[in-house]
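Reader: Could you take me closely through one side chain and what it touches, and then carry the account on to other parts of the model? Please give the cut-offs as you go.

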Amino acid sequence: MLSFTRIRSALALALIAGGASLAPLSASAQACKPVVAVAPSELVEAGKLTFTTNPTLPPMQYVDSTGKLLGMNIDLGNEIAKRLCLTMNFVRMDFQAQAPALRGGRSDGIHTGMFWTEERSKAMYLVPYGLTGLDLVAAPNKKIVLTSADDVSGLAIGVEADSYMERWLRDRQKANEAKGAKPLRIQAFPTTADAMAALRAGQVDLIAPPDYTGKDYVRKGQASMALASQGGTPTAMAFRSRPLADAIATVLNGMAQDGSYDALFDKYGVTKLADRPFGIRGPGPQ
């Protein structure tokens, strides 16, 4: 019978011959400990967190000159995935296609600065995480100053289709017409970037982006502010899985407690959500 020493020596030689290392695992190779466990069955792909995003809204999500995906929502998504011990997988997609992709099981969540609405809260599990209004901006060489939202009567305004901003404009249009004012000329585009291109081309007088994007355009000299911070509603991530939505809320609450939530929002100049703790708001799918 072989002695224990001889067996151990033979095993060591076999491992070396096979290219295996007898060195202890490094800290980076050790198992990650998630803040809260997410069952693989709750994900499109085990080990990955798949979010759709529309990278046309700086500074929240956009692509740089090299095509790299950047922005506050990207940083936030990466941090959430890290704390869940998952690999972040962002899928670039126009906003109108994101809800069907979620319902069809092609993504785990929508993370594109989507505005919370009661209607959406009944179709998806929404977790609000920020607060956003809308700005009305003009081309930099065409100064338009509005004293109130009533002054938009008769103007041509570009806006992203099926967005909170378009709904706000439609409501304003109805209110102004009820007063006998000139109607708005609302032109809806697939993305805010398309609306911005129309503004540059002189096809519209104003565009109505989310306020963080409007201020970013003004800061970069790409637009002039006509009327700032109108409306205002929470922005939310959306999920098809309640357990995953609860896990995301747990991570956000942890980030709020350790100060990383405030630091991230301050870095990008985005309005924080004061209504805490974070959690699902609304009944979810009916």
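Author: A polar contact is taken here as a pair of N or O atoms within 3.5 Å, where, within protein, one atom must be able to donate a hydrogen and the other to accept it, and where residues adjacent in sequence count only if both atoms are side-chain atoms. The model is predicted, so that local features need pLDDT of at least 70 and side-chain atom pairs count only at pLDDT 80 or more, while totals for chains, interfaces and linings use all residues. Residues are numbered from 1 along each chain as its sequence is written, and side-chain values use heavy atoms, with hydrogens and water left out.

The side chain of Asn-253 reaches the backbone nitrogen of Phe-278 at 2.8 Å. Asn-253 lies in helix 8 (residues 242-258), where helices (H or I, at least four residues) and strands (E, at least two) are DSSP runs numbered from the N terminus. Because its relative accessibility is 19%, Asn-253 counts as buried, a term that means under 20% relative accessible area, with exposed over 50% and partly exposed in between (1.4 Å probe, protein chains only). Apart from neighbours within four places in sequence, Asn-253 is in contact (heavy atoms within 4.5 Å) with Pro-277 and Phe-278.

Buried residues also occur in helix 7 (residues 211-219), among them Asp-211, Tyr-212 and Tyr-217. The buried residues of this helix pack against several elements, including helix 6 (192-200), strand 7 (125-138) and strand 11 (224-239). After helix 7 comes Gly-221, with a positive phi near 75 degrees.

Strand 2 is also packed against by those buried residues, and it belongs to an open sheet of three strands in the order 2-3-4, with antiparallel pairing; two strands pair if DSSP finds at least two bridges between them. Strand 2 and strand 4 (69-70) are the edges, each pairing on one side only. Strand 3 (residues 61-63) is joined to strand 4 by two bridges, and Val-63 stands opposite Leu-69.

Finally, one disulfide is counted, a disulfide being a pair of cysteine sulfur atoms within 2.5 Å. Cys-32 and Cys-85 form it, with their sulfur atoms 1.8 Å apart. The two cysteines are 53 residues apart, Cys-32 in the loop between helix 1 (4-17) and strand 1 (48-53) and Cys-85 in the loop between helix 2 (72-83) and strand 5 (87-92). The disulfide is left-handed because the torsion about its S-S bond is about -70 degrees. Cys-32 is partly exposed at 46% relative accessibility, and Cys-85 is partly exposed at 26%.
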